[in-house]
Every structure is written in structure tokens, then in C-alpha cells.
Amino acid sequence: MITFIISLVALVAGYFIYGKVVERIIGPDDRPTPAITKADGVDFIVLPPWKIFMIQFLNIAGTGPIFGAIMGAKFGPSAYLWIVLGCIFAGAVHDYLSGMLSVRLGGANQPEIIGRFLGEKTKKVMLVFSVFLLMMVGAVFVFSPAKILGDMWEPAAVTENLGQYVFWIIIIFVYYIIATMLPIDKIIGKVYPLFAFSLLFMAAALLVMLLIKQPHIPELWEGLSVPALTSQSIFPYLFITIACGAISGFHATQSPLMARCMKSEKQGRPIFYGAMITEGIVALIWATVAMYFFYDSPVPGSEQIAGGAAAINDAPSVVNLICNDWLGVAGGILALLGVVAAPITSGDTAFRSARLIIADFLKVEQRSIRKRLYVCIPMFAAAVALLIWQMNDKEGFNILWNWFGWSNQTLSVFMLWAVTVFLVQKKKPFIVTLIPALFMTTVCSTFIFVSPQAFAWSGTLGYSLGAVVLVVALVWFFAWFKKQTKTS
């Protein structure tokens, strides 16, 4: 528990210290924001800053900092190190600078930002890549909350005739369609702050229980002496498994939604950097809860809770079991609602982001419902097809989650490089994004080389190629930097 307390303090300190350093680099001022200059009553609309923060936090949270942290805890206490350092120096920097760039560029979406600094060809690739990722997010964030709700209750008649979890999947999808189509202040602006409160309440309640129970879990200084509960190596798999709790490219698809609702640039640090730090805290709490479930001494939590041993490889079931065991019926229901609301709300904003990205690319105005339907109908049809495949394949969820994690992190790579180019062009300290960009480039490339779901090359070959990619990225960047310095 000492590592947990130190990590918690470090995350809070990171917001106040490093967050201010990054804020000074971008230099927020009083220029008019897109919410004012492009107000349309649908997507560009001024919202109160506290509400924007709660929506941003809920949008980026999803199941990532919960399920990812649970699965990441199987690597042992190294998960703490990645959550803290990744969140402060990579994830929060990525979210803040991408969000502020969107504000500066008139509410530009992620592919537009990347295309502006990395070229039109990269923009087109990222457009397809981003939309596909958002489709995966929608599919993943339909199934995981449907499973949790279905395990609590679902109509027997529907289950017998259509299958398990289908009732909740239909309900969630209908909600997605409505929320994606309506102006942002109608549902998202009114309901999401309440859902965000539920998620924060759940994290706070579990934090209190951790402090009361004081489980005997591995500390960071025990290092590799703690047996990992997974056959995967820490590098690169830990950095793919724990994505949203440390750094996530998905966040840069969500930040433009809130960049279009901010009245002042000075709201950026608490909204973008602050929401990511808050998500890191949620991930830290769930990683510690999972450490109790996997490692508590002398008896792991999985053996203390009825049904725990059978759920050790099922993150949604771990959430269900622990919430009910630690928080009782009332607390467990409220906590589970927070866990359910997070993926559902991330799913609908994922579809909303996809709608806006596609509409911006095709130059289809979004004021009228009819024009929104032109984009939404094929988009939802593709998501349904992906969901059906996932449900029909026993390993569908795990496969989708792994590729979601890789795609997520790869998206962050391109955004980090785009922001690095921006900082170089503006003659600002670019080291804050260069180091995370190089690290995540190496992680994502190595994963492709060594993963059984990709090339599955032997460890030595795969890791050597990952190192080659790092060297190539360094050479490419400094060659470009030297050229840029001469021409500027």
C-alpha cells in the first residue's frame, strides 16, 4: 500500500507542477474560442467549465482505466510505474496539447490536426484509422456494460429467444443513436455530469475501502520478484494493456468535442490535463484493487470472494464481485452504475466523434437531422456488423480489446508527432512530446513484430526490429529538425 499512496500523491503533484510547465509552453490567452466564433447550437456551444470537465472525464474514461488497470495488474507492481509516469509525462501532455491545438485551429478534429502538421496523406490515413478505432470503441463499449448489466438482470424471455446480453445491447444501441444525433447540450450536457459523479463516487468508495482493509499487496521495490500472472512480457504488452489510464489516442478524438464548448483557453489545463490525471487516479485505484484480488497475502482476494477464482480472467466479473463484496448492495449498485455509465457514455461520444470526422471530411453540414442521418446510418451499420462478429467469436472480445489497445496507442503516436512538429515550428520546448512520441513509437512497432496476433516473430528478432524503428524515428526527426532550423 505504500507504493499506492506514493503514486497517488505523485499524480496530484504532477497536475500542479508539470501541468503548469506544459501550460506555460502553450501560453493560453484571451482570444475568442470556436464555441463563440462558430456557435451553431449543435456541436459548437458554450458550456460551464465544471460541466465540460465532467463530460471530458467521462468521455475519456470508459472501461479503459478500469478493465485495462485490472488486466495490467497481472504484470505486478510495474503497473504503478506506468500509470504514474505515463499519465503525467505522456497522457496528460497528449490530451492537453491536442485539446489546445483543436481550440487554436477552430475546433479541428484529430485527423485535421495530424494532417496540418504531418501532411495530407497522413491525414487521410488517420481519418480511416480514427473512424475504425471509434467503431471498435463503440463495439467494445456496447458489450462490456451489457455484460455487467446482464449479469445483474435481464428478461428471461429475451435471453431465451435472442441470447444472453442481447436485451441490454439493443437498449444501449438505441441510446447511442439518440445521443449521437441530438445537440451536445440536450443529453450529454445534462446527464453526463451525474454519470461522472457516479464513476468518481465508485473510485472514492473503493479508495476508502482500500485504506480500511490495508491489503498486503506487492510493492514497487519488490520488482520482478513478484510473479506475473500473465505469460506476456512487460514490454510491450503492459503499455498496450493499460492505455486509457496512462496515455490514449482515443482521447484526442474526444477533446475536440469539448474544445468546441470552451469559452476561454485558460480552462484548458483543468479540463484536458486535469481530466487525464483524474483518470489516472481511477486507474491507480482499480490497479490496487486488482492487486488485492490477484496478490493479497496470505490469501488472494480471488479466493476470499465467492466465485472469485472463476472470474480471474474476466475483468467485468472482477468489477462486479469486488463492488458487491466491498460496498454492499446499495453501494455496489451505485458503483456498478458508474462503471456501466463510463463505457456507455464513451461509446456514444465515440460515435459522435466519428460522425463529426466523417462530416468534416465530406463537408456535410450537421445542423439538420437529415444530414446527420446520412452519416450515421452507414456508421451504425458497420458498428453492428463488428459487434455481431465479436459476439459470435468466443475470443472476439479479447481480440477486439487487444487491437483496440494497439490502435489506441498508435493513434497517440501520430498525435504526439504532430504536436512535436507544432512545437518545433513555434520554437517552443518540444522535448515534452518528443520523448513520449519516441517511446510510444517503439512500443507500438514492437507489439506488431512480437504479438501472436500480428507477425509473431521471435523475441530477439521482434525486439531488434523495434529498436531499429526507434533509431529510424530519431534519425528522421533530427534530419527534419536540422532542415527546419535552416529554413526558419
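In H19, 17 of the 20 residues are buried, where buried means under 20% relative accessible area, exposed means over 50%, and partly exposed lies in between (1.4 Å probe, protein chains only).

This is a predicted model, in which local features need pLDDT of at least 70 and side-chain atom pairs count only at pLDDT 80 or more, while totals for chains, interfaces and linings use all residues. Residues are numbered from 1 along each chain as its sequence is written, and side-chain values use heavy atoms, with hydrogens and water left out.

Charged side chains come next. A salt bridge is a side-chain nitrogen of Lys or Arg within 4 Å of a carboxyl oxygen of Asp or Glu, and by this rule there are six salt bridges. One of them joins Arg 31 to Glu 265, at 3.4 Å from N to O. Arg 31 lies in the loop between helix H2 (18-26) and helix H3 (34-37), and Glu 265 in the loop between helix H13 (251-259) and helix H14 (268-295), so the pair ties together parts that are 234 residues apart in sequence. Arg 31 is partly exposed at 38% relative accessibility, whereas Glu 265 is buried at 1%.

Glu 265 also meets Arg 104 in a salt bridge of 2.6 Å, N to O. Arg 104 belongs to helix H6 (residues 78-104), 161 residues from Glu 265. Through shared partners, salt bridges join Asp 29, Arg 31, Arg 104 and Glu 265 into one network.

Another salt bridge pairs Asp 43 with Arg 355, with the closest N and O atoms 3.4 Å apart. Asp 43 is in the loop between H3 and helix H4 (49-61) and Arg 355 is in helix H16 (residues 315-362), so this pair ties together parts 312 residues apart in sequence. Asp 43 is buried at 4% relative accessibility, and Arg 355 is buried at 0%.

What is the count of disulfides? A disulfide is a pair of cysteine sulfur atoms within 2.5 Å, and the count is zero. For Cys 244, the nearest cysteine sulfur, that of Cys 87, is 11 Å away. The sulfur of Cys 323 is 18 Å from the closest cysteine sulfur, in Cys 244, which is too far for a bond.

Key: Helix = DSSP H or I, 4+ residues; strand = E, 2+ residues; numbered from the N terminus.
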